[in-house]
Amino acid sequence: MTDTDGHQLNVAVLYPDLLNLYGDRGNARALERRCAAREIEATVTGVDIGDDWSPEEADIVLVGGGQDREQRRVQADLQQRGDALREYVDQDGVVLAVCGGFQLFGHHYRGWDCEIMEGIGIFDAVAAHPGPRIARCVGNVVALWEGETVVGFENHGGRTYLNDGQEALADVVSGFGNNGGDGLEGAKIKNAYGTYLHGAVLPKNPRLADRLISLAMERRYGPEAADLTPLDDSAALRAHAEALHAALSARESALGRRFA
Amino acid sequence: MRALGSGGTALPGLVVERLQSNAADQLARGLSATALITGTNGKTTTAAMLARILRADGREVVHNRSGSNLMRGVTAALVEAATPLGRLPSSCSAVLEADEAALPAIAEAAPPTVAVFTNLMRDQLDRYGEIESIALRWAEALNIFPRDSTIALNVDDPLIASLAMHWKGSCLRYGIEDPNVPPAPAGEIMDAVWDPQTQDDFRYTRRYFAQLGRWHTRSGAERPCPDIAADEIEPGSGSITFTLRLPEAPIAVTLPAEGLYSVYNALAASAASMALGVSPETIRRGLESHEAAFGRQEEVIVEGRRVRVLLGKNPSGMNQALRTLQRPGERHHLLVLLNDGIADGTDVSWIWDVDWESQAEHCASLTVGGRRAADMALRLEYAGLPAPGAPIANDVGLALSAALDAVPDSEQLVILPTYTAMLDVRQRLGQMGASRLWDVA
Ligand SMILES: [Zn+2]
């Protein structure tokens, strides 16, 4: 284990006011806190529409969820940053894109009014809203990621479909995930992670949070910096277990109703 | 006085709805006036204040109390008040809370004499969908209002102020005019970020909380001047004083409630009262006799300890509740209860949008409970609150006794529950013999 004291990470949050639905601000807090516990100095910067910012300055880029109207609002600005963000991901830059942000990091999102919002194509995926009359995907989610559970809450009208060759982040155990059909949740390419999970997702999935930190440390300081000191995660794991229970008991009662 | 701990008030409505699908319709026809209160936050308290004012004016009032504000609760309230022959006492006024989404149906069954729109904030998007769809539904609902009805709008909320565009009838605007109200902390959650018509950002010269404040846009839209305003607002302990500027005359009000949101509720109730022809002096008397409604700012005595219950069902509501707990030097014992039932919102992510950090220096001891207590505990650990003194209990009863144990005699326990946790904890307080403060004082 290396001494990470004095190391720094820059966390950029894209559109922190517009894309911050369902507590996504907790994700930056989780990174900040888990870095601080290891004496890694994490600086969190918000990037708003029109801000002069380059992904080169970042070690981790976060983008959260928003309603359709907020996604529409940011898409032109995001387009302008598309080349730079694709380049950043090519060079192993770390990304966590949640819900609306996840959709806009795919090729495009067709909103409930059928209007197309262009994405930046980091994930080889497209998202579409089936229309205002079709129910949203709402509820607690459990998914399996590298053999471990990740938990969170999803609430999305859009359905995401991964193209052939695009890896999913996780497999759905309970909940809808990308589209409620193929059992897949999120997407992953290089060090870019996309997911529909809110919660906020990182505080109660400390392994996922540490993965992002570890990847960013490795990219900036070399492979030996990827090894992180373990932390006391008892509070996080209790919340994780509780969310797991909430998801699975809802599923059980739904199954119970069906077979009753 | 009603006993504490009567929870399910929607049942008679369900029964009658089945027996007679248009029960509410038929009963509503006998009313002399109907006031509908809708909006995300403040419905219950506003309705309670309005009912007080109308009673102070000598009127008979039916009121769907207890947060039972879906269609069924409204029917229940009308049925409960009706005579055995199914008629309402003559000259009876109805004060009806209308759930945001249920407003069109309720307005159809009980056409409003006056309708109050308090605010539109992020609340349980898992239940209601996107915020603009509610604004749209409200604008459409105005089409079925009787033409001679009055709408009362909180103009400090830009989404509410814009409803005036869809209404040709009479409109009463209310808002806060006091330049000395402290601004909302930077970064506090806010939903109406821009004008859906022009896509312009809302800008603020003053922002009080959430998106409420003195707003304008670059294309020249701005907060309209209110007809009814609150000024010279002075927070006290257990009360707040302000000058209520009515078109007739300014009156000094001492409201037995805390927080700026209570002032908004008083403004909303005053606007509705004005539309119903109540005099300023009676409005004042009604407001000053206000008692906290079911679980909102309620204070009781249990086993010799003072217990305050502050309901917080969404980020802006909870932020406002917390703001009443931030007097310099003050410390509280906190019991935070987080449930994820349908009426609470099954998504508990919103706790990340609440400024719990503000409590770090005011929290003397912490207990957490409810079905998502561990989620809450994690959030509060992030906020820098002291570690919970008792193990996390999903059971509200266990959490309540642990919290009471942690409070020394003569000190106060503040309970911050979500909606269903509030019903639960209130029932338990009742079983423990809780008495209202003013019953013993
Ligand atoms: Zn979402």
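Mentor: Domain bounds, which we need to begin, come from an automatic or database domain assignment. The model itself is predicted. For chain B, that assignment gives domain 1 as residues 11-288 and domain 2 as residues 296-440.

Start with the meeting of these two domains inside chain B. Domain 1 of chain B brings 30 residues into contact with 24 residues of domain 2 of chain B. The area buried between domain 1 and domain 2 of chain B is about 1900 Å², and carbon and sulfur atoms account for 41% of it. Two salt bridges are counted between the two domains of chain B. A salt bridge is found between B:Arg308 and B:Glu258, with 3.3 Å between the closest N and O atoms. Polar contacts, counted with both residues at pLDDT 80 or more, join seven residue pairs across this boundary between domain 1 and domain 2 of chain B. On the side of domain 1 of chain B that touches domain 2 of chain B, two or more residues come from each of helix H3 (43-56), helix H6 (125-128), strand S7 (203-209) and helix H9 (260-275) of chain B. That side of domain 1 of chain B has twelve nonpolar, eleven polar and seven charged residues.

Now move to the meeting of the two chains. Chain A gives 32 residues to this contact and chain B gives 33 residues. About 3000 Å² is buried between chain A and chain B, with 48% of the area from carbon and sulfur atoms. Of the area that chain A buries against chain B, 24% comes from A:Arg69, A:Arg73 and A:Glu242, more than from any other three residues.

Six salt bridges are found across the interface of chain A and chain B. A:Arg29 and B:Glu357 form a salt bridge through their side chains, at 2.7 Å from N to O. The interface of chain A and chain B also has 13 residue pairs in polar contact, both residues at pLDDT 80 or more. At least two residues of the side of chain A that touches chain B come from each of helix H1 (25-36), helix H2 (68-80), strand S8 (137-145), strand S9 (148-156) and helix H6 (234-259) of chain A. Helix H6(A) supplies the largest share of that side, seven residues. Sorted by class, the side of chain A that touches chain B holds 13 nonpolar, eight polar and eleven charged residues.

Strands S8 and S9 of chain A lead on to a sheet. They belong to an open sheet of four strands in chain A, in the order S9-S8-S11-S12, with antiparallel pairing. Strands S9 and S12 (184-185) of chain A are at the edges and have a single partner strand each, so one side of each has no neighbour in the sheet. Strand S12(A) pairs with strand S11 (residues 170-174) of chain A through two bridges, in the antiparallel sense. Across from A:Glu185 in S12(A) stands A:Ala170.

Two backbone details elsewhere in chain A complete the tour. The peptide bond between A:Gly199 and A:Ala200 is cis, with omega about -10°. A:Ala200 sits in the loop between strand S14 (192-195) and helix H5 (206-221) of chain A. A:Cys99, a residue other than glycine, has a positive phi near 55°. The loop that holds A:Cys99 runs between strand S4 (94-98) and helix H4 (100-104) of chain A.

How values were computed:
Residues are numbered from 1 along each chain as its sequence is written. Chains are lettered from A and ligands numbered from 1 in the order in which they are written. This is a predicted model: local features need pLDDT of at least 70, side-chain atom pairs count only at pLDDT 80 or more; totals for chains, interfaces and linings use all residues. Side-chain values use heavy atoms; hydrogens and water are left out. Contact means heavy atoms within 4.5 Å. Buried area is the accessible area (1.4 Å probe) that two parts lose on being put together, summed over both. A salt bridge is a side-chain nitrogen of Lys or Arg within 4 Å of a carboxyl oxygen of Asp or Glu. A polar contact is a pair of N or O atoms within 3.5 Å; within protein, one must be able to donate a hydrogen and the other to accept it, and residues adjacent in sequence count only if both atoms are side-chain atoms. Ala, Val, Leu, Ile, Met, Phe, Trp, Tyr, Cys and Pro count as nonpolar, Asp, Glu, Lys and Arg as charged, and the others, Gly among them, as polar. Two strands pair if DSSP finds at least two bridges between them.
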